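Reader: I am new to reading protein structures, and I would like to learn how to look at one. Could you take me through a few features, with the general idea before each case?

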Amino acid sequence: MCLSLIPTTINCFKCRLGKAFAPVKYDMQGNVDKIKTLYDYDENSCLLELMLDEQSKGKHTAAEGVLWLNRALLFFEIAFGEIIVCLQSKNYDDNLKTVFSNAYEGSVKKYHNWVTQQLFALICKVSPTLPQIMKSFEVENNEAFETRLVSFHTTLKSVRSKIDDFIQNHNILQDSM
């Protein structure tokens with residue numbers, strides 16, 4: 001798993017979803033920075049191998065960053081999946097509050113305290129509309145946007161699932177799951 005994929009994904013989320021998601025981007029970037037600081041890596045490094053190496057040394061600080069980053073990726077996986085359903089049903093409802101709220105409920109809410117939950121409720125209220133998101137991807141038509149989002153969603157799900165499976169199969173941070 002290439003480490004450069006994750007920062008690219010984070011930058012995509014910020015520029016495509018607008019300023020409302022800046023706190024999410026900031027949190028995700030903090031986890032990326034933790035990973036980069038604590039892991040000795042180069043362009044050929046595999047994130048999963050780095051996690052195993054850290055675990056063999058009795059440590060798990062960077063793995064916690066990976067775990068939290070993966071939880072955030074689950075949020076986006078769920079949100080993009082729901083947006084795809086909206087697109088496929090030709091439901092271009094401007095209000096994505098429900099989509100983002102459902103994604104939050106299905107991913108990271110159970111790990112957040114009350115203050116963070118309230119912040120996220122505010123983020124949902126000021127989140128971009130579907131037409132705004134579509135415009136940010138600079139696509140010519142709805143079908144092109146849907147095709148692009150389906151492709152991205154498939155890749156995101158694959159990467160996130162691989163990290164989940166790896167964490168579970170190697171008993172990394174099982175008490176945090």
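Reader: Let's begin with helix ends. Which residue caps the N-terminal end of H6?

Author: The general idea is a polar contact, a pair of N or O atoms within 3.5 Å; within protein, one must be able to donate a hydrogen and the other to accept it, and residues adjacent in sequence count only if both atoms are side-chain atoms. Here the cap is Asn113: one of its side-chain oxygens lies 3.2 Å from the backbone nitrogen of Val115. Before we go on, note that this is a predicted model, where local features need pLDDT of at least 70 and side-chain atom pairs count only at pLDDT 80 or more, while totals for chains, interfaces and linings use all residues. Residues are numbered from 1 along each chain as its sequence is written, and side-chain values use heavy atoms, with hydrogens and water left out.

Reader: Thanks! What counts as a helix, and how many residues does H6 have?

Author: Helices (H or I, at least four residues) and strands (E, at least two) are DSSP runs, numbered from the N terminus. The expected span of a helix is 1.5 Å times one less than its number of residues. H6 covers residues 114–125, which is 12 residues. From first C-alpha to last it reaches 17 Å, close to the expected 16 Å.

Reader: Which residues of H6 are buried, and which are exposed?

Author: Buried means under 20% relative accessible area, exposed over 50%, and partly exposed in between (1.4 Å probe, protein chains only). In H6, Phe120, Ile123 and Cys124 are buried. Seen down the axis, these buried residues fall within an arc of 100°, so they line one face of H6. That arc is taken from the directions from the helix axis to the C-beta atoms. On the other side of H6 you will find Trp114, Val115 and Lys125 exposed.

Reader: What do the buried residues of H6 pack against?

Author: Here we need contact, meaning heavy atoms within 4.5 Å. The partners are helix H2 (22–38), helix H4 (61–88) and helix H5 (97–105).

Reader: Let's visit H2. Where do its buried residues sit around the axis?

Author: The buried residues in H2 are Val24, Met28, Gln29, Asn31, Val32 and Ile35. They cover an arc of only 160° around the axis, which puts them on the same side of H2. Exposed Tyr26 and Thr37 are carried on the face turned away from that buried side. With 17 residues, H2 reaches 24 Å from its first C-alpha to its last, close to the 24 Å expected.

Reader: Now for the rings. How many aromatic pairs are there?

Author: Rings of Phe, Tyr and Trp (its six-membered ring) pair if their centres lie within 6.5 Å; planes under 30 degrees apart count as stacked, over 60 as edge-to-face and the rest as tilted. A search of the whole structure gives 11 aromatic pairs. Take Phe21 and Phe76: their ring centres are 6.2 Å apart and their planes at 50°, so this pair is tilted. Phe21 is in the loop between helix H1 (5–17) and H2, and Phe76 is in helix H4, so the pair ties together parts 55 residues apart in sequence. Both Phe21 and Phe76 are buried. Trp68 and Tyr111 make an edge-to-face pair, 5.8 Å centre to centre with 75° between the planes. Since Trp68 lies in helix H4 and Tyr111 in the loop between H5 and H6, this pair joins parts 43 residues apart in sequence.

Reader: Which charged residue sits over the ring of Trp68?

Author: A charge sits over a ring if NZ of Lys or CZ of Arg is within 6 Å of the ring centre and within 35 degrees of the ring normal. The residue is Arg71, whose charged end is 4.6 Å from the centre of the Trp68 ring. Arg71 also lies over the face of Tyr111, at 3.5 Å from the ring centre. Trp68 is partly exposed at 29% relative accessible area, and Tyr111 is partly exposed at 27%.
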